[in-house]
Amino acid sequence: MTYLKFPEEAREAAAANQFDSPAVRAFRHDVLTSTDWVEHGLAIIDGIPVADPLVGGEYAKAVSSSLGSLLPQDGAGAQIREVRYRGLKLGEGATGRYSDSREGGQFHTDGPHRPNDAPDWFALLCIRQAAVGGGLILILTEDLIKRLDPDTVAVLEEPFLFDQREDGTAPVSRPILAHQPSGRWHVNYLREYIELGHRHPLGQPLTDRQAAALDAFDAQIAEAVAAPNRIEVKLAPGQMAVIDNRRLLHGRTTFGDDPQDRDRLMLRTWVRELVPVESAAGAAPTAGFASDR
Ligand SMILES: [Fe+2]
């Protein structure tokens with residue numbers, strides 16, 4: 001794993017909304033052409049000051065908006081979400097989320113329940129880590145698909161319902177697996193939100209073949225998690241992981257079994273990839289990017 005730096009010149013330019021500055025462009029290029037990013041959809045930036053979480057949050061926004069467009073993470077438009085134990089379990093009540101809990105497992109992508117597109121990437125900046133557990137485990141979807149039978153893949157390419165985790169909203173309908181023109185597969189997944197979506201008063205129950213396909217998918221995920229070559233990263237304070245949310249499922253190892261060790265805090269951002277102008281407009285290549293910042 002190679003650790004990247006966020007140069008001070010890039011931070012200053014990003015703070016001034018100068019996202020086309022040479023320093024920001026060089027940083028973006030370094031991240032997106034790094035071997036870890038190209039092969040595994042993961043980049044880690046270290047050396048971010050986090051003694052003051054508010055300063056850490058400004059860095060998290062600057063790094064994320066240097067790479068793409070920051071997305072809101074809730075109905076109120078928050079660009080930073082604190083991922084920490086809030087005494088909740090995943091799926092608890094009307095709004096309990098994975099990011100409020102401390103248990104491991106439940107491999108997922110972030111924001112599969114967003115009403116528009118899920119985030120392309122997400123980033124986690126470690127402010128405080130747990131002494132035990134709290135590691136991030138990443139599973140490449142293309143490795144799972146190689147081991148699934150074609151019938152299961154076909155079912156997973158059909159729409160499923162995802163509970164939005166907001167009171168008074170209808171479930172979102174989208175496929176779990178989507179084959180891209182590039183040949184890559186994109187994934188949207190969080191089993192508990194799918195179960196909740198299909199039990200929602202505005203949803204329909206899962207069919208037997210949908211439930212069987214989910215079980216087969218979960219079985220392959222469990223095998224990948226148990227494999228010795230799984231990707232596992234335990235971020236240290238000041239380290240920020242940027243993760244390709246379309247190619248990878250992620251989960252963590254359980255933390256906080258010891259009540260004294262529940263203070264883990266990550267700051268999360270959701271990011272939309274910048275689309276090169278030439279592919280957005282179908283025009284001749286230029287140096288710029290289309291963006292919805
Ligand atoms: Fe997540």
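The model shown is predicted; local features need pLDDT of at least 70, side-chain atom pairs count only at pLDDT 80 or more, and totals for chains, interfaces and linings use all residues. Residues are numbered from 1 along each chain as its sequence is written.

**View 1. Crossing of helices H1 and H2.** The axes of H1 (residues 8-15) and H2 (residues 22-32) come within 8 Å and cross at roughly 115 degrees (axes are lines fitted to C-alpha atoms over the stretch in contact, with angles from 0 to 180 degrees between N-to-C directions; helices are DSSP runs of H or I, at least four residues, and strands runs of E, at least two, numbered from the N terminus). The two helices are therefore roughly perpendicular to each other. Glu9, Ala10, Ala13 and Ala14 of H1 meet Ala23, Val24 and Phe27 of H2 (contact: C-beta atoms, placed from the backbone, within 7 Å).

**View 2. The largest nonpolar core.** This core has 67 residues (buried Ala, Val, Leu, Ile, Met, Phe, Trp, Tyr and Cys joined through C-beta atoms within 7 Å; buried: 20 or more other C-beta atoms within 10 Å of a residue's own). Strand S5 (residues 121-128) gives the most to the core, with 7 residues.

**View 3. Surroundings of Met240.** Met240 is among the residues with the most contacts inside the core. Leaving out residues up to four places away in sequence, Met240 touches Ile44, Ile45, Ile48, Ala60, Val63, Ala123, Leu124 and Leu125.

**View 4. Buried residues of helix H7.** In H7 (residues 191-199), Arg191, Tyr193, Ile194, Leu196 and Gly197 are buried. These residues pack against strand S7 (159-162) and helix H8 (208-226).

Notes. Parallel < 35°, antiparallel > 145°, perpendicular 65-115°, else oblique. Contact = placed C-beta atoms within 7 Å. Buried ≥ 20, exposed ≤ 12 C-beta atoms within 10 Å, placed from the backbone.
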